[in-house]
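Hi there,

Here is the structure I promised to pass on. Please have a look, and then read my notes below.

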Amino acid sequence: MRRVIRPALRRLLLLSTIAILCSSLPLSAQSITAARINEVMIDNVDNYIDSYGKRSPWIEVYNSSAGTIDLAGCFLTDDPQDLKKYMIPKGDVLTVVKPRQSVVFFADEMPLRGTFHLNFTLTPEAPHYLALVSSDGSSIIDEVEVPAAIPTDHSYARIDDGVRTAVAVEAWHITQHTTPGSNNVVKDKNEKINRLQAADPNGFVMTVTAMLVVFSGLLILFLAYKLVGIVAMRIEGRQETLRSRLNSRLHREPTEVVSTTEDPLVAVAISLALTSELEMGRGEAPGRLTIQPRPQLYDPWSDKSQMMRPTVECKRLKA
């Protein structure tokens, strides 16, 4: 019984592990389409400084998904006719963006300074088209039209990080407080939590909900293991039935003798031998013929006498 249940439990645990891994795959390997151009600064006079101590226009790219994405191999461009203007190099671990995080690219026309320095720049006198393109060089992940005459040290940013609207312009605004590499809006309140606190000030509903979730999970596990045990017991019962049938067939005693030869004299001889054996009482069981070898007494002198006898040579007579 244990030999049957243990493999069944192992299969159940294996299937549960596979299900958990499959459910977590969308969280750990989101599509690159979740990337967003989140904030742009054109005229950087007294604002964000790069690692070289320089101030230049910059573009923030935000990961709006719940999983990690890698920007390596994608393209940034300010020309709709040239979507492959700057390819984000591969092999840099900093191009991997965690959920709800962002990276900043500097538009300083200095690509030799590193991965996050673009080969084009932005000027405050004219509007600019910016696009983030997939690694195939043709699929646009996100794009934005940056208006001209944005005030110095102001940025053009999304109102809510990574959120799109039906009208693209409505999702953007000019902000005075720039936030490169961080959230555009820092929310100090959570509307859902506030509503829950107003509806359940003592936390009774939250406690009951948590207990129901825990007990529901335990009940599901109990039913799953119970089902596995029932299946294993049925399998074991079938195997025991097959074993008993096989043993009964192997130990079934013959009740009649069937002759398989066509010669009637052979059948008569077998019948006479069985009859005489039963009458003498030498059989171990009724209807069963037992052949016992005749015991031979060992006598070393008789053996020696046999060895001492002269050998008789037999010669074939000629006809």
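This is a predicted model: local features need pLDDT of at least 70, side-chain atom pairs count only at pLDDT 80 or more; totals for chains, interfaces and linings use all residues.

Residues are numbered from 1 along each chain as its sequence is written, and side-chain values use heavy atoms, with hydrogens and water left out.

The count comes to 5 salt bridges (a side-chain nitrogen of Lys or Arg within 4 Å of a carboxyl oxygen of Asp or Glu). One of them pairs R158 with D142, with the closest N and O atoms 2.8 Å apart. R158 lies in strand β10 (residues 155–158) and D142 in strand β9, so this pair ties together parts that are 16 residues apart in sequence. Strands are DSSP runs of E, at least two residues, and helices are runs of H or I, at least four, numbered from the N terminus. R158 is buried at 2% relative accessibility, and D142 is buried at 5% (buried means under 20% relative accessible area, exposed over 50%, partly exposed in between, with a 1.4 Å probe and protein chains only). R164 joins D142 and R158 in a network of salt bridges.

Another bridge links E240 and R243, both in helix α3 (residues 204–250) and 3 residues apart, about one turn of the helix. E240 is partly exposed at 40%, and R243 is partly exposed at 40%.

As for the largest pocket, its lining includes D142, R158, R164 and W172. A pocket here is an open set of points on a 1 Å grid over the protein atoms alone, where a 1.4 Å probe fits, with protein on both sides within 12 Å along at least five of seven lines; lining residues have an atom within 4 Å of a point.

Best wishes
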